[in-house]
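Hi,

Here is the structure I promised to pass on. Have a look at it first, and then read my notes below.

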Amino acid sequence: EYMGVGKRKMAFCFPFQSNNKIINVGVEIVPSKKKKEFFEVCVSDTIKDLKEKVCSRLEISVEEQEFRYDQKVLLDNKKIQYYKIQNNQTITITIKYQEERQVESLMSELENGNFAALVKLQNLLDNTENKRKFFTKYDIVPCLFKLLKKENDQVKENVLGIFVTLSDNNTENKREFVTKYDIVPHLLELLTNGNDVIKENASGTFWDLACNNENKRELVS
(Lines give C-alpha, C1' and ligand atoms only; values in the text may rest on other atoms or scores of the structure.)
Protein backbone atom coordinates (compact mmCIF):
# COMPACT_ATOMS: atom_id res chain seq x y z
CA GLU A 1 0.00 0.00 0.00
CA TYR A 2 1.38 3.42 -1.04
CA MET A 3 1.26 6.51 1.14
CA GLY A 4 1.72 9.62 -1.01
CA VAL A 5 4.31 9.98 -3.71
CA GLY A 6 7.20 7.51 -3.50
CA LYS A 7 6.13 6.16 -0.10
CA ARG A 8 4.84 2.70 0.74
CA LYS A 9 3.40 1.40 3.99
CA MET A 10 5.17 -1.86 4.81
CA ALA A 11 3.54 -4.68 6.75
CA PHE A 12 5.90 -7.03 8.59
CA CYS A 13 4.75 -10.50 9.62
CA PHE A 14 6.64 -12.39 12.33
CA PRO A 15 6.08 -16.06 13.13
CA PHE A 16 4.14 -16.34 16.38
CA GLN A 17 5.35 -18.68 19.12
CA SER A 18 3.33 -18.85 22.31
CA ASN A 19 5.33 -18.57 25.51
CA ASN A 20 2.76 -20.83 27.13
CA LYS A 21 3.26 -23.78 24.80
CA ILE A 22 3.61 -27.07 26.70
CA ILE A 23 5.91 -29.80 25.40
CA ASN A 24 7.27 -33.12 26.63
CA VAL A 25 11.05 -33.31 26.92
CA GLY A 26 12.87 -36.62 27.22
CA VAL A 27 15.72 -36.79 29.74
CA GLU A 28 18.32 -39.54 29.46
CA ILE A 29 21.16 -40.09 31.93
CA VAL A 30 24.49 -41.12 30.37
CA PRO A 31 26.13 -43.47 30.95
CA SER A 32 23.30 -45.43 32.56
CA LYS A 33 20.96 -48.32 31.89
CA LYS A 34 18.01 -46.38 33.28
CA LYS A 35 15.17 -45.75 30.87
CA LYS A 36 14.46 -42.31 29.46
CA GLU A 37 12.14 -40.12 31.53
CA PHE A 38 9.76 -37.54 30.08
CA PHE A 39 8.94 -34.20 31.69
CA GLU A 40 6.17 -31.77 30.82
CA VAL A 41 7.53 -28.24 30.53
CA CYS A 42 6.54 -24.86 29.18
CA VAL A 43 8.80 -23.52 26.43
CA SER A 44 9.25 -20.37 28.50
CA ASP A 45 10.63 -22.41 31.43
CA THR A 46 14.34 -22.12 32.04
CA ILE A 47 16.79 -25.01 31.95
CA LYS A 48 17.07 -24.66 35.72
CA ASP A 49 13.29 -25.12 36.01
CA LEU A 50 13.63 -28.43 34.20
CA LYS A 51 16.58 -29.43 36.38
CA GLU A 52 14.45 -28.84 39.47
CA LYS A 53 11.79 -31.17 38.08
CA VAL A 54 14.47 -33.80 37.45
CA CYS A 55 15.73 -33.30 40.99
CA SER A 56 12.24 -33.80 42.42
CA ARG A 57 11.58 -37.04 40.52
CA LEU A 58 15.02 -38.63 40.16
CA GLU A 59 16.65 -37.25 43.33
CA ILE A 60 19.65 -35.81 41.48
CA SER A 61 20.55 -32.37 42.79
CA VAL A 62 20.46 -29.42 40.41
CA GLU A 63 24.19 -28.85 40.96
CA GLU A 64 25.03 -32.38 39.82
CA GLN A 65 23.13 -32.15 36.53
CA GLU A 66 24.79 -31.12 33.28
CA PHE A 67 22.35 -30.92 30.36
CA ARG A 68 23.40 -31.40 26.75
CA TYR A 69 21.38 -30.98 23.59
CA ASP A 70 22.60 -30.91 20.02
CA GLN A 71 26.17 -31.29 21.36
CA LYS A 72 25.86 -28.12 23.46
CA VAL A 73 25.94 -27.67 27.23
CA LEU A 74 22.68 -25.96 28.25
CA LEU A 75 22.89 -22.94 30.55
CA ASP A 76 20.60 -22.73 33.58
CA ASN A 77 19.30 -19.22 32.85
CA LYS A 78 18.32 -19.90 29.23
CA LYS A 79 14.78 -20.84 28.28
CA ILE A 80 13.73 -24.10 26.67
CA GLN A 81 12.68 -22.26 23.51
CA TYR A 82 16.11 -20.60 23.26
CA TYR A 83 17.64 -23.97 22.37
CA LYS A 84 14.79 -24.79 19.94
CA ILE A 85 13.99 -28.01 21.80
CA GLN A 86 10.92 -29.59 20.23
CA ASN A 87 8.20 -31.84 21.62
CA ASN A 88 9.42 -35.38 22.48
CA GLN A 89 13.06 -34.57 21.78
CA THR A 90 15.72 -35.76 24.23
CA ILE A 91 18.22 -33.98 26.46
CA THR A 92 21.09 -35.98 27.92
CA ILE A 93 22.28 -35.56 31.49
CA THR A 94 25.81 -36.16 32.71
CA ILE A 95 25.93 -36.54 36.47
CA LYS A 96 28.70 -34.45 38.01
CA TYR A 97 30.29 -35.64 41.24
CA GLN A 98 27.66 -38.32 41.86
CA GLU A 99 29.83 -41.32 41.12
CA GLU A 100 32.55 -40.19 43.50
CA ARG A 101 30.05 -39.76 46.30
CA GLN A 102 28.49 -43.14 45.49
CA VAL A 103 31.83 -44.91 45.75
CA GLU A 104 32.69 -43.20 49.03
CA SER A 105 29.28 -44.16 50.44
CA LEU A 106 29.63 -47.78 49.31
CA MET A 107 33.12 -48.07 50.81
CA SER A 108 31.77 -46.74 54.10
CA GLU A 109 28.92 -49.25 54.01
CA LEU A 110 31.32 -52.12 53.37
CA GLU A 111 33.63 -51.08 56.20
CA ASN A 112 30.60 -51.02 58.50
CA GLY A 113 29.65 -54.58 57.52
CA ASN A 114 26.86 -53.88 55.05
CA PHE A 115 27.85 -56.47 52.47
CA ALA A 116 24.79 -55.73 50.32
CA ALA A 117 26.85 -52.73 49.14
CA LEU A 118 28.95 -55.19 47.11
CA VAL A 119 26.02 -55.73 44.77
CA LYS A 120 25.59 -51.95 44.42
CA LEU A 121 29.31 -51.62 43.69
CA GLN A 122 29.10 -54.31 41.01
CA ASN A 123 26.17 -52.48 39.39
CA LEU A 124 28.12 -49.22 39.47
CA LEU A 125 31.08 -50.90 37.78
CA ASP A 126 28.83 -52.43 35.13
CA ASN A 127 27.52 -48.95 34.29
CA THR A 128 30.82 -47.12 33.98
CA GLU A 129 33.08 -47.06 30.94
CA ASN A 130 36.13 -45.96 32.94
CA LYS A 131 37.03 -48.80 35.31
CA ARG A 132 40.60 -47.52 35.45
CA LYS A 133 39.68 -44.70 37.83
CA PHE A 134 38.58 -47.23 40.44
CA PHE A 135 42.29 -47.95 40.79
CA THR A 136 43.77 -44.50 40.29
CA LYS A 137 41.14 -42.31 41.93
CA TYR A 138 39.07 -44.40 44.32
CA ASP A 139 41.66 -47.04 45.34
CA ILE A 140 39.00 -49.59 46.28
CA VAL A 141 41.19 -52.71 46.08
CA PRO A 142 42.58 -52.59 49.68
CA CYS A 143 39.02 -52.41 50.98
CA LEU A 144 38.08 -55.44 48.91
CA PHE A 145 41.08 -57.39 50.20
CA LYS A 146 39.83 -56.85 53.77
CA LEU A 147 36.51 -58.40 52.80
CA LEU A 148 38.27 -61.60 51.68
CA LYS A 149 39.18 -62.19 55.32
CA LYS A 150 35.52 -62.30 56.35
CA GLU A 151 33.99 -65.69 57.17
CA ASN A 152 31.35 -65.25 54.52
CA ASP A 153 31.61 -67.26 51.31
CA GLN A 154 29.04 -65.14 49.46
CA VAL A 155 31.07 -62.01 50.17
CA LYS A 156 34.22 -63.68 48.86
CA GLU A 157 32.44 -64.78 45.69
CA ASN A 158 31.15 -61.24 45.10
CA VAL A 159 34.60 -59.74 45.68
CA LEU A 160 36.14 -62.13 43.16
CA GLY A 161 33.45 -61.11 40.67
CA ILE A 162 34.40 -57.46 41.15
CA PHE A 163 38.09 -58.32 40.60
CA VAL A 164 37.20 -59.89 37.26
CA THR A 165 35.09 -56.86 36.28
CA LEU A 166 37.92 -54.47 37.13
CA SER A 167 40.52 -56.37 35.15
CA ASP A 168 38.34 -57.23 32.15
CA ASN A 169 39.85 -55.76 28.98
CA ASN A 170 42.06 -53.44 31.01
CA THR A 171 45.78 -54.22 30.75
CA GLU A 172 46.85 -51.57 33.27
CA ASN A 173 44.45 -52.84 35.91
CA LYS A 174 45.60 -56.45 35.39
CA ARG A 175 49.17 -55.35 35.85
CA GLU A 176 48.54 -53.36 39.02
CA PHE A 177 46.61 -56.21 40.61
CA VAL A 178 49.91 -58.13 40.57
CA THR A 179 52.51 -55.37 41.08
CA LYS A 180 50.88 -52.63 43.14
CA TYR A 181 48.38 -54.66 45.14
CA ASP A 182 50.05 -58.11 45.23
CA ILE A 183 46.83 -60.02 44.74
CA VAL A 184 48.53 -63.41 44.37
CA PRO A 185 48.75 -64.35 48.11
CA HIS A 186 45.05 -63.58 48.49
CA LEU A 187 44.14 -65.82 45.57
CA LEU A 188 46.38 -68.63 46.84
CA GLU A 189 44.64 -68.46 50.22
CA LEU A 190 41.26 -68.81 48.51
CA LEU A 191 42.50 -71.72 46.38
CA THR A 192 43.68 -73.48 49.54
CA ASN A 193 40.77 -72.89 51.89
CA GLY A 194 37.80 -71.82 49.80
CA ASN A 195 34.78 -73.86 48.78
CA ASP A 196 34.48 -75.26 45.25
CA VAL A 197 32.82 -72.13 43.85
CA ILE A 198 35.41 -69.82 45.40
CA LYS A 199 38.26 -72.01 44.13
CA GLU A 200 36.80 -71.94 40.64
CA ASN A 201 36.42 -68.15 40.75
CA ALA A 202 39.94 -67.66 42.13
CA SER A 203 41.31 -69.86 39.33
CA GLY A 204 39.40 -67.75 36.81
CA THR A 205 40.94 -64.60 38.28
CA PHE A 206 44.41 -66.13 37.94
CA TRP A 207 43.66 -66.98 34.33
CA ASP A 208 42.41 -63.48 33.61
CA LEU A 209 45.49 -61.85 35.15
CA ALA A 210 47.77 -64.17 33.19
CA CYS A 211 46.39 -62.72 29.95
CA ASN A 212 48.93 -59.97 30.59
CA ASN A 213 52.31 -61.27 29.35
CA GLU A 214 54.29 -59.39 32.00
CA ASN A 215 52.12 -60.91 34.70
CA LYS A 216 52.79 -64.44 33.47
CA ARG A 217 56.42 -64.27 34.50
CA GLU A 218 55.63 -62.91 37.96
CA LEU A 219 52.82 -65.35 38.59
CA VAL A 220 55.22 -68.22 37.93
CA SER A 221 58.18 -66.78 39.85
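Which strands does helix α1 lie across? Helix α1 (residues 47-58) lies across β1, β2, β3 (65-69) and β5, and runs at about 140° to β2. Before you go on, note that this is a predicted model, where local features need pLDDT of at least 70 and side-chain atom pairs count only at pLDDT 80 or more, while totals for chains, interfaces and linings use all residues. Residues are numbered from 1 along each chain as its sequence is written, and side-chain values use heavy atoms, with hydrogens and water left out.

A few words on the terms: helices (H or I, at least four residues) and strands (E, at least two) are DSSP runs, numbered from the N terminus. Axes are lines fitted to C-alpha atoms, for helices over the stretch in contact (heavy atoms within 4.5 Å), and angles run from 0 to 180 degrees between N-to-C directions.

Now the sheet. Five strands form an open sheet in the order β2-β1-β5-β3-β4, with mixed pairing (two strands pair if DSSP finds at least two bridges between them). β2 and β4 are at the edges with a single partner strand each, so one side of each has no neighbour in the sheet. You can see both kinds of pairing around β1 (residues 22-29): with β2 (residues 37-42) the sense is antiparallel, over six bridges, and with β5 (residues 90-95) it is parallel, with four bridges. If you want to find these pairs on screen, I22 has C42 in β2 as its bridge partner, and E28 stands opposite T92 in β5.

Next, a pair of helices. α6 (residues 153-167) packs with α9 (residues 196-209) at an angle of about 15°, with the axes 10 Å apart. The two are therefore roughly parallel (angles under 35 degrees). On the α6 side the contact includes L160, F163 and V164, and on the α9 side it includes V197, I198 and A202. The contact residues divide into seven nonpolar (Ala, Val, Leu, Ile, Met, Phe, Trp, Tyr, Cys and Pro), four charged (Asp, Glu, Lys and Arg) and three polar (the others, Gly among them).

Last, a backbone detail. K84, in the loop between β4 (72-73) and β5, has a positive phi near 60° although K84 is not a glycine.

Cheers

Technical notes:
Angles under 35 degrees count as roughly parallel, over 145 as roughly antiparallel, 65 to 115 as roughly perpendicular and the rest as oblique.
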